[in-house]
Amino acid sequence: MTTTTTATATSTAATVLDASGVTMRFGGLTAVRGVDLTVREGEIVGLIGPNGAGKTTFFNCLTGLYVPTEGQVSYKGTVLPPKPHLVTKAGIARTFQNIRLFSNMTVLENVLVGRHTRTKEGLWSALLRGPGFKKAELASRERAMELLEFVGLAAKAEHLARNLPYGEQRKLEIARALASDPGLLLLDEPTAGMNQNETRTTEELVFAIRDKGIAVLVIEHDMKFIFNLCDRVAVLVQGEKLVEGTSEVVQGDERVVAAYLGTPYEGAPGAEEVAEVEAAEAHAEEAAEAAEAQADTEPEAADTASDDTEAAAEASDEADESGDAGSDDAPESAAENASDADSTTEGDSK
Ligand SMILES: Nc1ncnc2c1ncn2[C@@H]1O[C@H](COP(=O)(O)OP(=O)(O)OP(=O)(O)O)[C@@H](O)[C@H]1O
């Protein structure tokens, strides 16, 4: 781990989230099947799996967007009602895979919206703008500014959310989620679409959130981010939990490499095909050089040489194309994938 923070999670820490036997069926499709997962105080837990494995559906079951077909979800020992606003009120906040900001509101206003579950002032108080409301409004603004400072967006408080660069919009979503003073934060692909620097900053931000005493459950396709960040990682495959353990355990599990990172399929380009493409390229280069040399020594044969050069260039292009097709169309082998585990794969937007 490259973090400077200290992992506070221990197996004896109190359980914050306890999901037990969560199953979610959509008609004939079982998107999540009997998944158990706990998150303890001070932990950062990762949830990974291939596209369509059921990760977001599981999040939706945790946060009351879906009523699980079977199973139950408890937060700090109390079974959660399957209603998003009650789940937020209980202490679970989330961000979405698809950024969901109020784009025509300012950065500050977006965070203030996230505070509404923690403000007691009712409609009449808001309409009359009495002293109680004004005091509460001031406190909310102060808290919202603190959060913007925390995520590094204080200077942009009055900007419209839609004018923020993509990476900052994701940070604003986090600030808004934090505005409800959660004890558990669920992040759905927080680094999707980010460059390396932004991803690194987000990693630091998640550590800082954990250091504030907020447990984190994070879905992400960026394996480097996950394995660097998480105390524990659970792997979902086809709706079922395949493996759960420390980053080291999960990374070293052959089933994860096979199921998540993919095994080479029959007919996938292997060493032979790569060698063929390289040989074709080398041949084309030699032909081009020979044609050039011939053109220099036999000016009268320039036309023929130029024909040869064109043919060589075409052969080289063909070789290039066949090389490109190989890398574009075919998934990489499991070994390549495993060693390239730091690559980011964008999931379908949700
Ligand atoms: N509301 C829905 N109605 C029907 N099927 C759904 C619904 N939501 C999800 N699914 C299906 O459930 C399965 C799991 O989808 P889910 O989005 O949870 O996967 P995921 O692991 O989050 O994938 P990704 O990494 O691409 O985001 C998929 O087959 C998906 O098509």
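**Ground rules.** Residues are numbered from 1 along each chain as its sequence is written, and side-chain values use heavy atoms, with hydrogens and water left out. Since this is a predicted model, local features need pLDDT of at least 70 and side-chain atom pairs count only at pLDDT 80 or more, while totals for chains, interfaces and linings use all residues.

**Entry 1, strand β3.** Five of its five residues are buried, so β3 is largely enclosed by the rest of the structure. Buried here means under 20% relative accessible area, exposed over 50%, and partly exposed in between (1.4 Å probe, protein chains only). In a regular strand the side chains alternate between the two faces of the sheet. I found both faces of β3 covered, with I44, G46 and I48 buried on one side and V45 and L47 on the other.

**Entry 2, neighbours of β3.** I count two strands as paired if DSSP finds at least two bridges between them. Strand β8 (residues 215–219) runs parallel to β3, joined by four bridges, and V45 stands opposite L217 there. Strand β9 (residues 232–237) also pairs with β3 in the parallel sense, over four bridges; here V45 faces R232.

Next I traced an open sheet of four strands, ordered β2-β1-β4-β5 with antiparallel pairing. Its edge strands are β2 (29–40) and β5 (78–79), each pairing on one side only. Between β1 (residues 15–26) and β2 I noted eight antiparallel bridges; V22 has V35 in β2 as its bridge partner.

How many aromatic pairs does the structure hold? I found one, formed by F26 and Y66, edge-to-face at 5.4 Å centre to centre with 80° between the planes. The pair links distant parts of the chain, 40 residues apart: F26 is in β1 and Y66 in the loop between α1 and β4. My criterion is ring centres of Phe, Tyr and Trp (its six-membered ring) within 6.5 Å, with planes under 30 degrees apart stacked, over 60 edge-to-face and the rest tilted. Both are partly exposed: F26 has a relative accessible area of 34% and Y66 one of 28%.

I required NZ of Lys or CZ of Arg within 6 Å of the ring centre and within 35 degrees of the ring normal. The charged end of R100 sits over the ring of F96, 3.9 Å from its centre. For K212, the charged end sits over the ring of F150, 4.7 Å from its centre.
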